Structure formats: structure tokens, C-alpha cells
Amino acid sequence: MSTFHFAEQDALAAPALAAADAEALVRERYGLDGVAEELGSQQDANFKIGTPSGTYVLKVSNPAFTAADLDAQDRAAAHVARCSGVRVPVAVPGLDGRTIQPVTGPATVARLVTYLDGDSLSAARYLAPPVVAELGELAGRVSGALATFDGPLPPRELQWDLRHAHDVVLRLAEFAPAPAAVREAADAAAEALVPFAGRLPLQAVHGDLTADNVIAELRDDGRRHPAGVIDFGDLARSWAIAELAVTCSSLLAYAGDDLPAVLPAIRAFDRVRPIADDELAALWPLVVLRAASLMVSGRHQASVDRDNRYAAGNLDHEWRIFEVATAVPIEVGTELVRSALRPATTLVAGTGQRIVAERAAARLDLSPTSPGLHGGTFLEDDAEVRLAGAALEHASLAYVPFRQPRLTRTRLGAAVAPATTGLGVELFTADPLELRAPWPGTVEVHDDAVALRGDGETLWLTGALRGAVAGDDLATGDLIGRLAGDGTPASVRVQITRLASRPPFFVTASMAGAWTRVCPDPTPLIVPGGPSEEIDSPLLARREAAFAPVQEHYFAEPPQIERGWRHHLVDVGGRSYVDMVNNVAILGHGHPRLADAIERQWRLLNTNSRFHYRAVVEFSERLAALLPEPLDTVFLVNSGTEAVDLALRLAWANTGRRDVLTVREAYHGWSDATDAVSTSVADNPNALATRPAWVHPLDAPNAYRGRYRGAEAGRYAEDAVAYVRDMVSGGRPPAAFLGEPFYGNAGGIPLPDGYLSAIYDAVRQAGGLCVADEVQVGYGRLGDHFWGFEQQGVVPDVVTVAKAMGNGHPLGAVITTKAIAEGYRSQGYFFSSAGGSPVSCVAGLTVLDVLRDEGLQVNARMVGAHLRRRLLDLAGRHPIIGAVHGMGLYLGVELVRDRETLEPAAAETAAICERLRELGVIMQPTSDRLCVLKVKPPLGIGLAEADFFADALDRVLTEGW
């Protein structure tokens, strides 16, 4: 017989106990002197007790619950700790040896349990996917442990037992902001459970495994990670899958509008405690019921226990959980979670007669890879109609396939993924078009659509149809309505649904698969053949199988990027990202002028530079003209690695020496020679330990965190000059000094004033050459200077450049003097198969033309200065920002754990980049410590996009990552 039944209780007001009473109780029953601090609870009274011997929690139970209830909770918690290793509170015996003590006044009982250090996970305003997965794993471990708990559980019927959730909602729905909507949601969820309820496994469940009841520990990445479980007060025998449903409903508060955000928890739970098919089918209905019961119970509790600040403070939070849980139909939520663990189901096409007469039909490609949407034309309002018009010149019907993400619906610079994917087929025609009933049904006429209600399925036709009559009962093949067709493209959207309500036509790409559960493919009703082919290729796995994994990719779960436009990148689902790192694409992505120029040249000629043609001459002249005298001679190569490698060979050939001075924390390439002079341990952890004897690394001239800081930074040059003199006196004068004139790889850090001047003088006096590696920082990126060396007021002997030269086309160059270039003849002749090809030279010339004509260096100065001010403002508000380096559009935001010690925040930086990607910003770490956000976008970026990045970074640093 049940000792407690929620339906028999009008209210469960928390016991009225003051902090002083709690202190007296602990002193009297446990012999501890402590200070009590009230903790929140919906139905109990909880106090944090600080004592000289440690910290505890006093839990004063609601009078409705017995000592046997509490004893079961203690035994279950101890069992979980033994079987799973999960940290749980341990009950402390009183002076009489009993863990459960009577309480006078409220006529109830109390326990003192150990306090688990750390905040609750709910203290985080954002939960990253790895943390969500860890919470799911924790729930799985607890569930697995409790499955073997064989201790007695007092019979009681709790309102938090999800077997009773529907009854709870119906009893308390009047307390909800929208009672009818809450009842409808609960009814739908309960109905969906009917086929499975009798088959769901039963066991002991924690019953409230939410972010509130999970203790988190702050780790090196700056994230709170699940570490322990508290509050077994809702322990009961219930459906095992209810444990995960409670956890998922808790996560909805952090999901925003992105329901797939809960899926890492489900996958992780399944890995620890496998989910059966029936349980998987029941999961989302239980999530909805939990959200509904939580919300109505919270409002009911606040109404009967008006002094309960905990219950009142959660009302908005609980309503938000309910809104997110019911944002999609039960069937869609169920398919979402099912597809996370099981293979995708084959799309089921609607059955019936064709709705249009057979005619020649052209498939329209509006996807992110569409060649018809070249350049930025996808942003034009009439882009879809324009492509349809072109297709209709050769066919009488054009259609956009089912579930095709549309680039035309992409929103540039959006913090959330747009709804790009159609849950139907859109038809275009310039001729009159009759649409006929695929099955018997009744016609409904709406403002913008006509519906045909059939037996279990509804056909929705959205568009300017004529002739449809509301209430008409049609037989198969009867006319529903006509699309007029006046010679210009007009469209109708064809959609089938098994829902009673009208579904959206467009959804996000991540939700499209789940929606097909209720919106099958109508293609067979429109054009001959079967359903549209669905492509769900495991591209990342294929990459890792065929592409050497040492060629790493950005991000833990990288989006598949197939398009770019200016300073934006677009994935296959139509989500756009602001590109803040792509210094290779200096003009931006998809520049039509560059694309046209390269295409024209490819159609004419592409060969090697030993042939004689105009482009190689003009490009070499243009490059040389950008450099000061006496730099007038150009070598053309394919990459920055080749450029630096050639510069070293020039130095060796001209001096007859081998020794090279370089700078620590620098990267110059991957060839044997350029790798030897690269000293960045981020690129090669063994770099400094494996340099050959001819490489001489100098201290990194980092005025922020190096040996000399601030006003003392001039000493870097003094030490470098002294080192050169020691080399000379030791009989090993340098062949060259190689360095970035603006410290790019370290995070966009300007060199100390006079640094290069002093080193260049010393090296030249020793007979060596001075090489400026401009591969990253040159070509106008600094705004005030076209070349980095100009900022130092020097002229190098050799300049290497690449990356930006071709805007992504493989192109590099070495510019030097005629005499130094001629010195290479002692090594033989020089040749690069594709270096200086006609296509490469035309690409290089066009990049220079666009840089000039679009004023991109000026833009780099103006937008860079604005963005730097924004970032400095963030540094004033977020202590994790230790410094903002750089100038123009080569900036570095250095993140530290402590502004005094400058401990690098490397793990945090990586996590912040992941969070920025979720918000629509592509960002990556740099420097040897990988704690600097490298800000080097295409030079055409505008103020709006700079602000979008700054705002996103502000949000991440405010909410967490």
C-alpha cells in the first residue's frame, strides 16, 4: 500500500525552518557548531552548514515523507557511488548513531549529508556539446547502477514519477500560462506512449537528474563539467528511460532554438546504458510530459507556498523548457532522437495519382553548391525566379527537389542557423497549370494556400491558386485549382503531411530529417520516378580514411563548407559564418572579377614560365614596383614554403655560408629547409630540440610576455646584435637573418621599435642577407603599411610573399636585387613547374587590381581600427583578455587565466573558438601557447561584420563556452 500519493495532497509546502533553528538542530543532534545558509528546494527545507570540521547540507524533509523514504534514498545513493564511481552526498550519523533525526516543530525528520564541493551545473549559462555528452553519460551511469539496486523502496506515488505526469498536468493545468495548450501537449504525449507504456522496463530511478542536481567542477578549459549527483529525494520505482527524459528536459533550457543540442546526451547515455527501441520511441513523449508537469507543478507550488523563493524563481525557466519541448510535434521530436542512434529511415513518398499532367520537367539547383547562383547572386530577391525562368526556356515545368537546402534562404551574418530546407517540392511554370487531387478529400481554402484533407494525409498547395472551392469533396483526379500562368514564372509549393495542423515549409537543415516522419516526399506525385535521392554521406569519415589525418581540420565536428562569398563561408545546410581567419583569401571568397579572369586565361593558355608570354612579365613588373629600391627582381613559385626555401638558397649561394638566424615561435614552411628554420612548438612540439646546428633561434621579441616587457623590449635587439657578434667571433658568421617583420605567428604582435634596424645592420656588417617573411603580414593587411617591414623602417635584401598573392590560388614570390638573384647561378638554374604560369600570373595581377580598385588597404586600416577599439573595450570588461595585439586587420586577442602571471588560457581558447562557430564566426587559436585568437579576415570585411564578431565574442565571454 502506498505511503504517499500526490493526488491526495493539496499542497506540499516546504517546512518552515529558520537558519537559527537549523543551526540549533545540527548542534543538538550532531554535535556540530556551524553557520546555516538557506538553499533552495521546492518542497523541502535545505541548509548549507559551514563548520570548522567541514561543510554539510542539512535536509529537513517535507512532513509528507517518512524516515523509511529517506533511508531508501541514502542506501540508493551509496549504491550508486559503489557501482558507478559517481560522487554523491554521504549521510552523517548523529550523536545517537542514527543518520535520520526527528525534528520538532514541523513534525518531520532531517538528515545531515556531506557537501559536494562545486556549483551546480545549472550555474552555467551555456553547456557545450562535450558537457552535454558528459551529463548524458552521468545519467547513464546512475541509471545503470540503480538497475542493480535491490533494496526496498517504500511504496509511494510521486508527482515527479513520469508514469503519473499526464495526471499531474491535467490536475494542475489551470496554473499554466496557456492551460489549453498545455493539456493538448500532455494529451498528445500520453497518446504517443500508449503502445509502449506496458513494455517499458521498470527500475529504481533518481527521478530528478537535472542540471540543478548535478555538481560540476571547473576544469582547465573554463567549463563546468558534471562530477557528482545530489538530492535523491525523488527516488522511486519507475520507467528506466524516465531518467534520461528528465535529463533531456533539463537540457532544453540551454538548447535555445536548436533541439539537436540535446542529442550528445542521448548518444552518451546509450553508450553507457543501451536504449531499447521501445524506450527510444517513448523518450520524446516523456520529455514533453516532464516539461509540462514541471511547469504546472512549479506554478502550483509557488501559489500555495508564496514564501518559497526557489519555486517562484524557476517559473520562467520552466515555461521556457515547456516551450522548447513543444516547439515541434511529438512525432518530429521522436524521429530526432531515434535518428541519433539508429540508421536514417527511408523517406516514404505520398501515394496516389499524380497531381500534374506529365510534362518535361527541369530540376532546379538552389543549393549551396549551385553553379547557377554564382558570386553573390543568391542574395538577390529574384534569384529563384531568375533561375526558374532560365530553366523554363527548355522545359514547361521546373521544380526544387524535396529537402534541398536553399542558398537563396541563407542569411549572412546570422547568429542562428536559418530555415533553408524545404519539406516539400516547389513547382515553377510560366504556363497555366492544373493541379488535381491525388486521393479523395475535402478542400480547405486559406489565405495563401489550399489544403486537401484525405484519409490520414493532407496535401498543402501554397501559392496563387485559382478555382479552389472550400468544402468541395473531391474524388481522385478531380481538379483542385489552377496556377494561372501568364508567361512569367509563378510557383506553387507542394507538401504532404500526416499532421492535423499545417507544418512549416522551411526548417533548418539539422531538423529536416526528423520532419520527414510527418512530411513525406511528394516527388512521385509530381514527376516520374521515385522519391528524391537523399544524400547522407559520412564525409568526415571518408576524409579520415583517405586523407592523411596529420593534415588536421578545424573544429571537433567541422561543418562541411562548400561555398564562400566575400568574408562569409556557407555550409551545405545553408548556414553562413563570418570568416575571421582566412588571410589567404585577402579579397574574400568567390570574387567574380578574379573568377572571370582565371576562367578567361584557362581557356587561352596555361603552361610554364620557360615559355614567353605577357602575363609573367606584367606581374613581375607590378610586384617589383611595389618594393623599394633596390628590390627589383622577381622569382615566382607556388607557395610560401617554396618562397622561403628559395630565399634561404639565395642566401647560401651568395654568402657561401650555411648558418641562419631565426626567431623563436615562428613558422616558415614544411620543406626540409623551411622546417629547419621554423621554431613554433605549436606546429612541431619538438621544434626547438630538433633544430640542426646551422639554425640559431633568437628569443621571441614579445613585449607582452617575453623575457623583456614594456619599456625593456629594446633589449631584444641588443641581445640579438650581441649574438651576431659572437657568431662572427666564433668563426660562424650568419648567411642570413630570417624573420617576420610583424610577428604574425605569435599572434599579430608588433616588433619592438628599432628591432629590425639593429639586427639588419649587424647581419649585413657580418656579410649576411636580411630576409623578410611577408607571407602572412604583407599585402596591405596592416592597413597603414603595405609591407610589414615598412612598420620597422627598414629595407630587406630578400622578401618572401605568398598566401594573399593569389587569393587562394597557389602563388608565391621572392623579390630581391639583381645581384642577389644572379648569385643563384652557382646552384644551377631555377624552375618551378607552376610558379609564374599564365593562370597564376593573371590571378596575381587581378588580386593587385582589386586591392587597388576596392581600396582594401584603406578598409583594413579603418575597419581594423574600429575592431581593435571594440576588442579593447571587451578587454576592459572580461579579465580573460590579457592583451589585444596587432594593427589593421592582423589582430590577436591573447587570453590568459591570470593577468599577473599571464598563464595561457589555451584550453579556454579552443573552447571559445568552438562556441564562436556555433554563433556563426570562424575563429582559430594561434601562438606557441595556442591562447591567441588570430583575427585576420578578408580585407573587404565591413563594420557590421566586425561588430558581429565582437558581439559574439562578448556573448561567449559573458555566457560561457
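Residues with a relative accessible area under 20% count as buried, those over 50% as exposed, and those in between as partly exposed. The legends below use these words for a predicted model.

**Figure 1. Gly-463 in strand E20 of the predicted model.** Gly-463 belongs to strand E20. Its relative accessible area is 26%, so Gly-463 is partly exposed. Apart from neighbours within four places in sequence, Gly-463 has contacts with Asp-448 and Ser-491. Ser-639 lies 176 residues from Gly-463 along the chain, and the C-alpha atoms of the two are separated by 53 Å.

**Figure 2. The whole protein chain, for orientation.** The chain has 961 residues, of which 57% count as buried. Its secondary structure consists of 25 helices and 40 strands. The C-alpha trace spans about 100 × 85 × 40 Å along its principal axes. Among contacts with a separation of 6 or more, 74% are between residues 24 or more positions apart.

**Figure 3. An open sheet of 8 strands.** The strands follow the order E13-E14-E16-E24-E20-E19-E18-E22, and their pairing is mixed. Strand E13 (361–363) and strand E22 (473–474) are the edge strands; each has a single partner strand, so one side of each has no neighbour in the sheet. Strands of a sheet pair through backbone hydrogen bonds, in either a parallel or an antiparallel sense. Within this sheet, strand E19 (residues 449–453) and strand E20 (residues 458–463) are antiparallel partners, joined over 5 bridges. Opposite Val-450 stands Leu-461 of E20.

**Figure 4. Strand E23 and its pairing with E17 and E21.** Strand E23 (residues 479–483) pairs with strand E17 (residues 433–436) in the antiparallel sense over 4 bridges. In this pair, Leu-433 has Leu-483 of E23 as its bridge partner. Strand E21 (residues 465–466) also pairs with E23 in the antiparallel sense, over 2 bridges. Here the bridge partner of Leu-465 in E23 is Leu-483.

**Figure 5. The packing of helices H8 and H10.** Two packed helices are described by the angle between their axes and the distance between the axes. For helix H8 (residues 277–304) and helix H10 (residues 315–325), the axes come within 9 Å and cross at roughly 155 degrees. An angle over 145 degrees counts as roughly antiparallel, so H8 is roughly antiparallel to H10. The crossing of H8 and H10 is left-handed. On the H8 side, the contact includes Trp-284, Val-287, Val-288, Met-295 and Arg-299. On the H10 side, Leu-315, Glu-318, Trp-319, Ile-321, Phe-322 and Ala-325 take part. By class, the contact of H8 with H10 has 13 nonpolar, 1 polar and 2 charged residues.

**Figure 6. Arg-87 in a loop.** Arg-87 is located in the loop between helix H2 (67–84) and strand E5 (91–92). Its relative accessibility is 33%, so Arg-87 counts as partly exposed. Leaving aside neighbours within four places in sequence, Arg-87 is in contact with Leu-116, Asp-117, Glu-217, Ala-227, Gly-228 and Val-229. Ile-215 is 128 residues from Arg-87 in sequence, yet the distance between their C-alpha atoms is 8.8 Å.

**Figure 7. The peptide bond from Glu-629 to Pro-630.** Most residues other than glycine have a negative phi, and most peptide bonds are trans. The bond from Glu-629 to Pro-630 is cis, with omega near 5 degrees. Pro-630 sits in the loop between helix H16 (614–625) and strand E29 (633–637).

Figure 8. Tyr-779 has a phi near 75 degrees, a positive value in a residue other than glycine. Tyr-779 lies in the loop between strand E33 (769–773) and strand E34 (798–801). With a relative accessible area of 0%, Tyr-779 is buried. Lys-803 has a phi near 40 degrees, again positive in a residue other than glycine. Its loop runs between E34 and strand E35 (812–816). Lys-803 has a relative accessible area of 30% and is partly exposed.

Notes: Residues numbered from 1 in each chain as written. Predicted model: local features only at pLDDT ≥ 70, side-chain atom pairs only at ≥ 80, totals over all residues. Heavy atoms only, no water. Pairing = 2+ DSSP bridges. Axes fitted to C-alpha atoms, helices over the stretch in contact; angles between N-to-C directions. Parallel < 35°, antiparallel > 145°, perpendicular 65-115°, else oblique. Left-handed = near helix turned anticlockwise from the far one by under 90°. Contact = heavy atoms within 4.5 Å. Nonpolar A, V, L, I, M, F, W, Y, C, P; charged D, E, K, R; others polar. Buried < 20%, exposed > 50% of the residue type's maximum accessible area, 1.4 Å probe, protein only.
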